[in-house]
Amino acid sequence: MLAILLDAIVGRLVPTGHWWRTAGRGLIGLSATPLLVALLVYAGLLRLPGWDRRRIRVPAGRTAVGGAARGLLWGVGLAAAVLAVCLVGGARVTLGPAFGESYLGVAAPVLAGLVLAALLEELLFRGMPLARLADAVGPVAASVALTVAFVAAHVGNPAVSGLGLANVGLASLVLSAAFFSPGGLPAAFGLHVGWNAGLALAADAPVSGLRLGLPVVEFLPGPRPWLTGGAFGPEGGAAATVVLVGALAWWAGRHRGREVAV
């Protein structure tokens, strides 16, 4: 009810088509209200007996910061690998003059929007739900169950495809692997931000079908959309499938019943 009320207020103050709703500013508007509500819910749930930040895999101090930093590097690295495969497969990243707003003027709110959206999704699909379910059925089954929900949340995205949804599922499993690493929730959050920001800020590639409209740079999927993702962005192509499967295989090979540092 609070989320609906706040969204209605924002809608009154900032109508559709307004400058604030374009590019990353619109992403901030979409994410901020439900994120505020999610944080309020977490603040209440963490007061329940037996629940604290350790139960939802939020380590203290330097461990949390280090986990987030390493997760960020992982995310940027995976995004760079996908873009590299796309470029080899015929995609192009073009550079041109800025018309209207500067790159930094758009990139800054885009990054802020991506950070808020990643935090919201990690609280909803990792965090307490994944930790609680893992207590009942184990981390693998819990990760698969929350992955189904994560994929369902992306079914309505623009230009979505079957392969795109499969890759969204693979990305969710990679994020869950990061969640169950020593870096915990901060590592999953950092990886999520790094992946989305690496695709959007480096190449203005669509992120799960969402075009964020950065000036100067543009991602062109080329003649092989099955590989490069087409209008859904790199997440919709076989390039992302190869990279994400490789990341999961590495994690599974290193894990073998113990936590893996992120």
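1. Leu5 is located in helix H1 of this predicted model. Together with Leu2, Ile9, Leu13, Leu36 and Leu40, Leu5 forms a nonpolar patch on the surface, and the accessible area of these residues together is about 560 Å².

2. Two helices, H1 (2–13) and H2 (23–45), each contribute at least two residues to the nonpolar patch. Helix H1 provides the largest share, with 4 residues.

3. Turning to charged side chains, the count of salt bridges comes to 3. Side chains of opposite charge can pair when their charged atoms come close.

4. Arg54 counts as exposed, at 58% relative accessibility, whereas Asp52, at 26%, counts as partly exposed.

5. A salt bridge also links the side chains of Arg55 and Asp135, at 2.9 Å from N to O. Arg55 belongs to the loop between H2 and helix H3 (61–88), while Asp135 belongs to helix H5 (residues 127–137); the pair therefore ties together parts that are 80 residues apart in sequence. Arg55 is partly exposed, with a relative accessible area of 32%, and Asp135 is partly exposed as well, with a value of 48%.

6. The side chains of Glu122 and Arg126 form a salt bridge, with an N to O distance of 2.8 Å. Are these residues buried or exposed? Glu122 counts as buried because its relative accessibility is 0%, under the 20% cut-off. Arg126 likewise counts as buried, at 0% relative accessibility.

Key:
Residues are numbered from 1 along each chain as its sequence is written. This is a predicted model: local features need pLDDT of at least 70, side-chain atom pairs count only at pLDDT 80 or more; totals for chains, interfaces and linings use all residues. Side-chain values use heavy atoms; hydrogens and water are left out. Patches are made of residues with over 30% relative accessible area and no salt bridge: like charges are joined within 9 Å, nonpolar side chains (Val, Leu, Ile, Met, Phe, Trp, Tyr) within 5 Å. Accessible areas come from the Shrake-Rupley method with a 1.4 Å probe; for residues, only the protein chains shown count as cover. A salt bridge is a side-chain nitrogen of Lys or Arg within 4 Å of a carboxyl oxygen of Asp or Glu. Buried means under 20% relative accessible area, exposed over 50%, partly exposed in between (1.4 Å probe, protein chains only).
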